[in-house]
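Let's take a walk through a protein model together.

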Amino acid sequence: MTTVLSLSEVTVEHRDGEETLTALDDVSLDVAAGEIVAIVGASGSGKSTLLAVAGALTTPTSGTVHIGDIDLSACTPRQRTAIRCERVGFVFQSDNLIPALTALDQLRLPLTFGRATHPDGPRDPAEMLASVGMEHKAGRRPHQLSGGERQRIGIARALMTRPRVLLVDEPTAALDRERSQEVVALLAREAQAHGVAAVMVTHDHDVLHHCDRVLTMIDGRLAPTSA
Ligand code: ADP
Ligand code: MG
């Protein structure tokens with residue numbers, strides 16, 4: 001099992017006037033290639049902060065984060081931006097598609113931000129579109145697509161550079177039950193097929209069976225979930 005994403009004793013504190021709020025408290029987490037880990041927990045417990053730290057958007061107050069053999073804390077801000085563009089895919093609660101672009105052009109966009117560092121180079125946008133079952137809607141703009149279809153485009157877009165790490169924040173929040181199952185099954189399948197280490201935050205207990213492990217965030221601390 002190759003560990004791709006590794007958080008070691010990560011603490012994130014936010015200063016709020018006089019107060020210090022501990023959003024993440026000594027969190028350690030290893031995610032292997034091909035594994036999808038679900039994080040559940042109450043609102044405000046630190047789930048999004050965990051994803052922000054794992055994706056080099058937030059620098060921890062203490063502790064270390066590795067993506068492969070890269071220690072993010074040893075990187076300059078510029079290097080962290082490059083790592084984010086090239087090695088990390090983000091999928092958010094709403095798809096964050098660009099309204100003016102067609103489905104196919106949404107997938108071309110990440111390839112303009114940085115070169116793909118993966119030895120196989122970037123994916124082909126048309127092939128990626130087909131792999132999420134959307135090839136017949138290549139010319140549609142977001143307003144001409146359903147929520148589930150937009151989320152599938154968002155997932156495809158996140159995978160274009162062949163990222164090592166996929167970070168997903170409540171991907172089914174705007175979807176009905178059936179679309180939720182499809183979208184999470186797609187995420188799990190893509191992680192497994194391409195050896196991506198995936199972390200998915202969710203409130204949706206109906207989709208947890210697609211995941212390899214489920215952890216619970218409680219007040220900034222990560223605990224195993226008892227069944
Ligand atoms: P969740 O995603 O589980 O709802 P978050 O990770 O968004 O939780 O937030 C964890 C805690 O950290 C919350 O109390 C939130 O208010 C606080 N927080 C998050 N980001 C910031 C910030 N940039 N500045 C101050 N406090 C923050
Ligand atoms: Mg959140």
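We'll start with a term: a polar contact is a pair of N or O atoms within 3.5 Å; within protein, one of the two must be able to donate a hydrogen and the other to accept it, and residues adjacent in sequence count only if both atoms are side-chain atoms. With that in hand, look at ligand 1: one of its oxygen atoms sits 2.9 Å from a polar backbone atom of Ser 48. On its own, ligand 1 would expose 560 Å², and the protein buries 58% of that (areas come from the Shrake-Rupley method with a 1.4 Å probe, and for residues only the protein chains shown count as cover).

Before going on, some ground rules: this is a predicted model, where local features need pLDDT of at least 70 and side-chain atom pairs count only at pLDDT 80 or more, while totals for chains, interfaces and linings use all residues. Residues are numbered from 1 along each chain as its sequence is written, chains are lettered from A and ligands numbered from 1 in the order in which they are written, and side-chain values use heavy atoms, with hydrogens and water left out.

Who else is around ligand 1? The residues there include His 14, Leu 21, Ala 23, Lys 47 and Thr 49 (a residue is near a molecule or strand if one of its heavy atoms lies within 4 Å of it). Sorted by type, the shell has 3 nonpolar, 7 polar and 1 charged residue. Here Ala, Val, Leu, Ile, Met, Phe, Trp, Tyr, Cys and Pro count as nonpolar, Asp, Glu, Lys and Arg as charged, and the others, Gly among them, as polar. Helix 1 gives the largest share of the shell, 3 residues. Helices (H or I, at least four residues) and strands (E, at least two) are DSSP runs, numbered from the N terminus.

Now move along to helix 5, residues 147–158. Its 12 residues should span 16 Å at 1.5 Å a residue, and the end C-alpha atoms are 17 Å apart, so the two agree (the expected span is 1.5 Å times one less than the number of residues). Is this helix mostly covered or mostly open? Mostly covered: 10 of its 12 residues are buried, meaning under 20% relative accessible area, with exposed over 50% and partly exposed in between (1.4 Å probe, protein chains only). Those buried residues pack against strand 6, helix 3, helix 4, strand 7 and helix 6, where contact means heavy atoms within 4.5 Å.

Zoom in on Arg 157, which is in helix 5. Arg 157 counts as buried because its relative accessibility is 15%. A polar atom of its side chain lies 3.0 Å from the backbone oxygen of Asn 96. Further along, in the loop between helix 5 and strand 7, comes Thr 161. At 3% relative accessibility, Thr 161 is buried too, and its side chain has a polar atom 3.5 Å from the backbone oxygen of Glu 86.

Last stop, helix 6. At its start, a side-chain oxygen of Asp 176 reaches to within 3.2 Å of the backbone nitrogen of Glu 178. After helix 6 comes Gly 195, with a positive phi near 65°.
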